[in-house]
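Subject: Structure for your files

Hello,

Please find the structure below, with notes on what turned up in it.

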Amino acid sequence: MLRLLSFALFLAIWWIAALFVGGVKLPSPPAVLQVMMAEAASGALFLHLGATLARVVLAFVLAMSLGSAIGYLMGRVKLADRLGDPWLILLLNLPALVVIVLAYIWAGLTEAAAIAAIAINKLPTAVVTLREGTRALDRSLDEMAAVFAMSRWRAFRHVVLPQLAPYIAAAARSGLSLVWKIVLVAELLGRPNGVGFEIGVAFQLFDTPRLLAYSLTFAAVVLVIETLLVQPFEARSTRWRPRAA
Amino acid sequence: MRLEVDITGKTFRSAAGETHEVLAPVRFSLGVGEVGVLVGPSGCGKSTMLRIILGLDRDFQGDVTRPPNARIGMVFQEPRLLPWRSVEQNVRLAAPEIDEAKLTELFRILELDAHRSHFPGELSLGLARRVALARAFAVEPDLLVLDEPLASLDDALAGRLREEIATLVASRPVMTLLVTHSLDDAVRLGDRLFFLSPRPARILAEVPIAIPRAARGEAEIAAIKAGLVRRTQGERAGRDVS
């Protein structure tokens, strides 16, 4: 209910602002909706959204699994931490644009280059978060698992993983928002389809309704995925915690 | 099958860089069916000794020989349950082979039936301690290590649990090591009592209790306790004189 109200407020502000600013710079909501419907009817909207989503999924899964594994290793093994730390600092502070441009130069304007570039941008934050999570693991529970001779996998699944779950959720949450932002840049610079590509075209033609139609549909998809996928996972992984009032 | 403990020393380096001696030479052994009790002042190094015996701490001088492939049941000083798993899952994770009948029986004895599906965060400390006991019993251990398992329980429950421990120890060939502050627990459960000195811990006296556990009535227990108190006071008096 409250969410709906806040959405209505957003629409109202937009509409009023559109009345003041005028047509070309900020079209009104119905104008944007009209473009959205037209693009959807032609199928282009779904094609571009699909392409973008596929890239997001691939890059996200790649970065999360690799980043989690590296972060866990760096949290557990001091040598890995020492060796990996300079790389991590470099990657953390490297602008996304540099990675994307270099990836396109080195690997060509290919799908693999785009996905790798997006994944590399997200990777270090996952590593850092999981490393912190691993450092915060409760040693006394490790000892318990050792005394009761739990197998490695059993201990990892029931003792370690639940402790890491909030960190994984946090990495997924911040990582997903990072990927959403970067994927469009990667598409703008070097892909022939996707929401980023369409926004690039709209920018060149100064076609604000089209630009807004694509960005808002994209934002809506992000919102749906966050509510339907990320939040339930977070809630599940922390259900044993007493609820905050 | 015996547990042989021969620790010749253990030092600990603090963050400030000083070395502290935690354990002096300690040597004892424990056979199947025996309950050894470590009694000593708090902070004397009992928990360190247990960690060494369990193989969790390998940074010490000396030798500890556990029977090969011994199954260990351990009750830690704090319950150390997995907060994200239910009571039943906590027990089953430690003892995957336990059958339903045994588990039900164990929960009945420890009065945990009503709490099977609760999470540890929803339990009182007393209940959590009982779950920790259930977990240690459920693995049907060859070596049972109890680190002050009855602390902070009310007398009636502590008494019942003490009897349960005694029953379990009698029902299976198990070596048991109990750490306690309570002379009462020590005398009621122990076959051999090891009195430890303040840090660095060494064994001041080893006192066997000749009467079998089952035959110890209240009168015998009182007599043994009185004897022990006399003895420790005598030792203290002797030291004061010298």
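UniProt positions below are given in the numbering used here, with feature names shortened, and such annotations may be inferred rather than shown by experiment. This is a predicted model, in which local features need pLDDT of at least 70 and side-chain atom pairs count only at pLDDT 80 or more, while totals for chains, interfaces and linings use all residues. Residues are numbered from 1 along each chain as its sequence is written, and chains are lettered from A and ligands numbered from 1 in the order in which they are written.

Annotated regions

The UniProt record, an unreviewed entry, carries "domain: ABC transmembrane type-1" over residues 49-229 of chain A. That stretch of chain A is 89% helix and 0% strand, with its end C-alpha atoms 18 Å apart. Helices (H or I, at least four residues) and strands (E, at least two) are DSSP runs, numbered from the N terminus.

The annotation "transmembrane region", also from an unreviewed UniProt entry, covers residues 87-106 and 211-233 of chain A. Residues 87-106 of chain A are 90% helix and 0% strand, and the end C-alpha atoms are 20 Å apart. For residues 211-233 of chain A, the figures are 100% helix and 0% strand, with 32 Å between the end C-alpha atoms.

For chain B, UniProt (unreviewed entry) places "domain: ABC transporter" at residues 3-223. Over this span chain B is 32% helix and 26% strand, and its end C-alpha atoms lie 30 Å apart.

Chain A overall

Chain A has ten helices and zero strands. Its C-alpha trace spans about 70 × 50 × 30 Å along the principal axes. Of the 245 residues in chain A, 33% are buried. A residue is buried if 20 or more other C-beta atoms lie within 10 Å of its own, exposed if 12 or fewer, and partly exposed in between, with C-beta atoms placed from the backbone. Two residues are in contact if their C-beta atoms, placed in that way, lie within 7 Å. Among contacts in chain A with a separation of 6 or more, 73% are between residues 24 or more positions apart.

The largest nonpolar core has 120 residues, and A:A117, A:I118 and B:A134 have the most contacts inside it. Helix α8 (residues 152-190) of chain A gives the most to this core, with 14 residues. A nonpolar core here is a set of buried Ala, Val, Leu, Ile, Met, Phe, Trp, Tyr and Cys residues joined through C-beta atoms within 7 Å. Not counting residues up to four places away in sequence, A:I118 touches A:R55, A:A59, A:V179, A:I182, A:V183 and A:A186.

In chain A, the axes of helix α3 (residues 44-76) and helix α9 (residues 195-204) come within 7 Å and cross at roughly 125°. The pair α3(A) and α9(A) is therefore oblique. On the α3(A) side the contact is made by A:H48, A:L49 and A:T52, and on the α9(A) side by A:V195, A:G196, A:F197 and A:E198. Axes are lines fitted to C-alpha atoms, for helices over the stretch in contact, and angles run from 0 to 180 degrees between N-to-C directions. Angles under 35 degrees count as roughly parallel, over 145 as roughly antiparallel, 65 to 115 as roughly perpendicular and the rest as oblique.

Interface

The contact between the chains takes 15 residues from chain B and 14 residues from chain A. On the side of chain B that touches chain A, β6 (72-75) and α2 (87-94) of chain B are the elements that give two or more residues.

Backbone points to check

Most residues other than glycine have a negative phi, and most peptide bonds are trans. A cis peptide bond joins B:R199 and B:P200, with omega about -10°. B:P200 lies in the loop between β9 (192-196) and β10 (203-208) of chain B.

A:F206, not a glycine, has a positive phi of about 55°. A:F206 is found in the loop between α9 and α10 (208-237) of chain A, and counts as exposed because it has 10 C-beta neighbours inside 10 Å. B:E111, also not a glycine, has a positive phi of about 55°. B:E111 lies in the loop between α3 (100-109) and α4 (125-138) of chain B, and with 13 C-beta neighbours inside 10 Å it counts as partly exposed.

Regards
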